[in-house]
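Here is my note on the model you asked me to look over. I hope the numbered points are handy as you go through it.

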Amino acid sequence: MAGYEEDQIIKPFEEMYGVKVNAKIYPTSDQMFAMLQNAKEGEWDIVTPDTPWVDKLVQADLIDELNPADYPEIENFYDRWKDFDQVKVDGKLYAMVSRWGYYGIVYNSNYITEEEASSTNIMFDPKVKGKVVLFDWYLPNMGILSRYTGNEQPYDLTAEQLAGVEAKLTELKPQVGIIAATNADTIQALANESAWISFGGEWLQVLLKEEGRPIEVLVPDEGGVSWTESVSIVKSSQNKEAAKAFIQYLSTPEVLAKLAWSNAFHSTVPNKKALDYLTDEQAKLLRMDDEAKMEEMLANIATRKVPENEADWQAIWDKFKG
């Protein structure tokens, strides 16, 4: 994933341990999984998967179990990420949460008020018809609509509940002016006002806010969904001690603050003490300046995950796009 390979993160580690880090950015988790499956012995030491893929990596015997005692910075994590189920399999730790964010409603405040954006109802309002941009991925978009239809666990649905989500997605279709191939396309649409509103999070909003654009973000009353990235040691690594040292290094507040404000995009990180290494403005934009409000927001965000009947969800999304 982009950001981890930046010089501000990699160079100090290389100098500290006298090693050379070779990084490769993968565009999707599926491609990451395939890359590891086809890798040569010892080709990779560290992988940064989206947490829903940790279980898949364990089942394929591609990553190592981690000893929690080796990573004391976990104690400084937000409660949600201290004992996060998606980085564990059968109660054993296999990854450390490294970066996270949420999908809520990103909106242009010149056209949409905070009160209007506080409910997913706004996505269906005639005033935004043709002004909705959606990133082309079923998981976040259908996940938020699942929350909207009343599902606390948005990805664990009966056939009837999934049909309800499909009905809402169909209802939303006339509102959508753009289905964006990339997050960059989503940002561009919001920047040039060809779109006013989207399902998204702080990684969309903060970049635009920095440019002086009137873009805001919040988690709607009906709830949002989270995204989480993590870091693991590749099973075939020939440099296990260096890999462990890198995870220890990456989990420190100073380094996570750099990752939070990476050049690739800006996002929240799990270590609360990263706040000490962010400017007041950075902390405010990432909503890390108020721990109580952060915990309150976390309580209204469901964990994104890959549904067991993934093919059914994908088919619904493909039909929607068609």
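The points below cover conventions, the core, helices, salt bridges and backbone angles.

1. **Conventions.** This is a predicted model, in which local features need pLDDT of at least 70 and side-chain atom pairs count only at pLDDT 80 or more, while totals for chains, interfaces and linings use all residues. Residues are numbered from 1 along each chain as its sequence is written, and side-chain values use heavy atoms, with hydrogens and water left out.

2. **The nonpolar core.** The largest nonpolar core holds 110 residues. Such a core is a set of buried Ala, Val, Leu, Ile, Met, Phe, Trp, Tyr and Cys residues joined through side-chain atoms within 4.5 Å; buried means under 20% relative accessible area, exposed over 50%, and partly exposed in between (1.4 Å probe, protein chains only). Met 123, Leu 134, Met 142 and Ile 197 have the most contacts inside this core. Strand E4 (residues 96–108) gives the most to this core, with 8 residues; helices (H or I, at least four residues) and strands (E, at least two) are DSSP runs, numbered from the N terminus. As background, nonpolar side chains tend to be buried together in soluble globular proteins.

3. **Around Ile 197.** Which residues does Ile 197 touch, leaving aside its neighbours within four places in sequence? Its contacts (heavy atoms within 4.5 Å) include Ile 105, Val 106 and Tyr 107, and also Met 123, Lys 131 and Leu 190.

4. The buried residues of H1 are Ile 9, Ile 10, Phe 13 and Glu 14. Seen down the helix axis, these buried residues fall within an arc of 115°, so they line one face of H1; the arc is that of the directions from the helix axis to the C-beta atoms. They pack against helix H10 (240–250) and helix H11 (253–260). The face turned away from the buried side carries the exposed residues Asp 7, Glu 15 and Met 16.

5. Met 16 belongs to helix H1 (residues 7–17). Together with Tyr 17 and Val 19, Met 16 forms a nonpolar surface patch with about 280 Å² of accessible area. Patches take residues with over 30% relative accessible area and no salt bridge, joining like charges within 9 Å and nonpolar side chains (Val, Leu, Ile, Met, Phe, Trp, Tyr) within 5 Å; areas come from the Shrake-Rupley method with a 1.4 Å probe, and for residues only the protein chains shown count as cover. Just after H1, Gly 18 takes a positive phi of about 65°.

6. Ala 243, in helix H10, is buried at a relative accessible area of 2%. Asp 45 is 198 residues from Ala 243 in sequence but 6.0 Å away in space, C-alpha to C-alpha. In helix H3, Val 54 is buried with a relative accessible area of 0%. Beyond its neighbours within four places in sequence, Val 54 is in contact with residues including Ile 63, Tyr 94 and Ser 230.

7. **Salt bridges.** A search of the whole structure finds 19 salt bridges, each defined as a side-chain nitrogen of Lys or Arg within 4 Å of a carboxyl oxygen of Asp or Glu. Lys 235 and Asp 64 form one at 3.9 Å, N to O. Lys 235 lies in the loop between strand E9 (224–233) and H10, and Asp 64 in the loop between helix H3 (54–59) and helix H4 (79–82), so the pair ties together parts 171 residues apart in sequence. Asp 64 is buried at 12%, whereas Lys 235 is partly exposed at 37%.

8. Glu 166 and Lys 319 form a salt bridge, with closest N and O atoms 3.7 Å apart. The pair links helix H7 (residues 159–172) with helix H14 (residues 310–321), 153 residues apart.

9. **Positive phi to check by eye.** Most residues other than glycine have a negative phi. Asp 61 has a positive phi near 60°; this residue lies in the loop between H3 and H4 and is partly exposed at 46%. Asp 90, with phi near 55°, sits in the loop between strand E2 (88–89) and strand E3 (92–93) and is exposed at 75%.
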